[in-house]
Amino acid sequence: MAKDLPVVLMGLDPGTSKNAVVIAIIYKGSLEVVGVGESPSVGIHKGVIENPALAAKSVKQALEKAEKMAGIRVGRVSVSYCSANIEVLDYPGGLMLTGSFGSRPGKERPAVTGSDPGLAAVTPGHRILKRLPAPLAGTTPGLEQNCGRVLTAPSEDIANLIECARLAGLAVQEVVYSPLACSCALLTPAEKELGTILIDIGAGITSVSIFNRGSLRETTVLPLGGEHLAGDLAIGLSLSLTRAVEILKEYRTEEPPGGEDVSAGNGVCDTVQGKNTRDLVRSIIEARLTEIFTLAGQVIRGFDYPGILPGGVVIHGGVSQLSGISSIAEKLLQMPVRIGRLQNPKSDLSPAYANALGLVKYRFSRLPGDKKVLRNRREQNEGFVGKIFNWFEDRTRR
Ligand SMILES: Nc1ncnc2c1ncn2[C@@H]1O[C@H](COP(=O)(O)OP(=O)(O)OP(=O)(O)O)[C@@H](O)[C@H]1O
Ligand SMILES: [Mg+2]
């Protein structure tokens with residue numbers, strides 16, 4: 001009898017500050033993470049790959065770590081993309097679209113031409129990354145049930161992403177908008193169905209997205225993130241950026257025992273000696289977080305979303321680790337806020353892998369049932385898949 005063969009999926013999240021890779025195997029219909037790797041990123045600015053060759057070198061480091069842990073080489077990958085360059089377009093006239101379409105490189109659907117007045121709306125040089133569900137009929141005049149809605153990104157950004165992956169030895173299976181990917185790792189199906197806001201505060205960008213009725217409904221990306229927090233601290237305390245990032249990570253809102261200044265004596269700031277450095281750090285951090293959440297609140301109100309959002313707000317991204325962030329967010333957004341945790345109870349993965357894990361979960365969720373398990377005895381013992389199978393059998397026998 002033919003044995004079930006594992007299918008390998010890989011997700012790559014090339015972020016402004018770090019690359020994250022997750023390798024997972026689908027075995028007997030379920031997903032198991034078998035390798036993860038992280039590396040500091042280079043050549044990426046606010047989510048956009050500006051130098052594919054440089055970025056590829058840093059991606060390779062994360063890739064090699066993940067492959068070493070998994071004990072296999074992987075050639076194909078799903079990659080996440082997010083930047084303030086995205087656009088969400090509503091257009092009347094149903095489903096008529098033009099321009100390259102689709103997240104699968106080389107598999108763009110042909111343009112459909114017609115007299116749809118919405119055709120002119122796609123910014124030249126952009127490609128359609130994802131068709132979104134029509135907006136819910138609500139208070140915005142002109143947005144009717146049969147409107148089309150698309151998420152677009154500059155073709156150059158996507159080409160650079162694909163080139164970066166190629167230089168790292170990977171073929172891109174699909175490019176997925178990051179909030180869509182990480183919603184699969186961080187939100188429960190009930191949260192996505194009932195209505196939840198996901199805010200990802202990374203190093204260079206902050207995305208604000210509404211999920212409802214199981215889909216991404218609204219999204220915007222702000223060009224703000226942890227780099228701004230670190231920059232503020234570096235300027236305000238006359239420090240190097242590296243030290244400012246360390247302070248950000250060490251920062252605690254709670255008073256230390258005895259109320260002593262946590263920063264004293266550790267070289268935080270030579271130029272503000274005698275002042276309460278700790279209060280200064282807190283006021284700098286709170287001022288920038290206030291700006292970020294005030295803008296996020298404006299974005300949410302600007303969506304003019306007609307549905308209710310009982311899931312509240314889920315914050316993630318590196319900056320979500322900041323002590324005291326949820327109380328500031330709750331005060332400014334006037335909604336319940338929680339910090340995102342991976343919906344992956346068997347794994348002790350760091351939340352830094354949310355996007356990369358979400359990519360494999362997103363792909364897994366869309367694979368037809370018969371593709372989730374290969375049943376070809378010949379493949380078991382030959383070539384790449386066969387090696388994986390043997391590796392997996394060895395692992396499960398241990
Ligand atoms: N414990 C922490 N406390 C506060 N800030 C942190 C902490 N850990 C990381 N950060 C900050 O989070 C940011 C990195 O977050 P993340 O890894 O989500 O970004 P990224 O995905 O590389 O970037 P982007 O999504 O903007 O392209 C950095 O600015 C870093 O300084
Ligand atoms: Mg990110």
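A contact here is a pair of residues whose C-beta atoms, placed from the backbone, lie within 7 Å. Residues 375-386 also stay under 50, with 16 contacts beyond four places in sequence. Across the protein chain the mean pLDDT is 83, and 75% of the residues reach 70 or more.

All this concerns a predicted model, so local features need pLDDT of at least 70 and side-chain atom pairs count only at pLDDT 80 or more, while totals for chains, interfaces and linings use all residues. Residues are numbered from 1 along each chain as its sequence is written, with chains lettered from A and ligands numbered from 1 in the order in which they are written.

On to the sheets. Five strands make up an open, mixed sheet in the order 3-2-1-6-10; strands (E, at least two residues) and helices (H or I, at least four) are DSSP runs numbered from the N terminus, and two strands pair if DSSP finds at least two bridges between them. At the edges sit strand 3 (30-40) and strand 10 (171-177), each pairing on one side only. From one strand to the next, the twist averages 25°. Strand 1 (residues 7-14) and strand 2 (residues 18-27) run antiparallel, joined by eight bridges, and L12 stands opposite V21 in strand 2. Helix 3 (residues 178-186) packs on this sheet, touching strand 6 (76-81) and strand 10, and makes about 85° with the direction of strand 10. Such angles run from 0 to 180 degrees between N-to-C directions, using axes fitted to C-alpha atoms, for helices over the stretch in contact. Helix 9 (residues 354-366) lies across strands 1, 2, 3, 6 and 10, at about 140° to strand 1.

There is also an open sheet of three strands, in the order 7-9-8 and with antiparallel pairing. Its edge strands are strand 7 (87-91) and strand 8 (126-132), each of which pairs on one side only. Neighbouring strands are turned by 35° against each other on average, direction ignored. Six bridges tie strand 8 to strand 9 (residues 148-154), and H126 stands opposite P154 in strand 9. Helix 2 (residues 155-167) packs on the sheet, touching strand 8 and strand 9, its direction at about 60° to that of strand 9.

As for ligand 1, it has 22 residues around it, of which G15, G202, G226, G318 and Q321 come nearest; a residue is near if its C-beta atom, placed from the backbone, lies within 6 Å. Helix 5 (226-236) and helix 6 (241-250) each give the shell at least two residues.

Methods. pLDDT is the predictor's confidence in each residue, from 0 to 100. Two residues are in contact if their C-beta atoms, placed from the backbone, lie within 7 Å.
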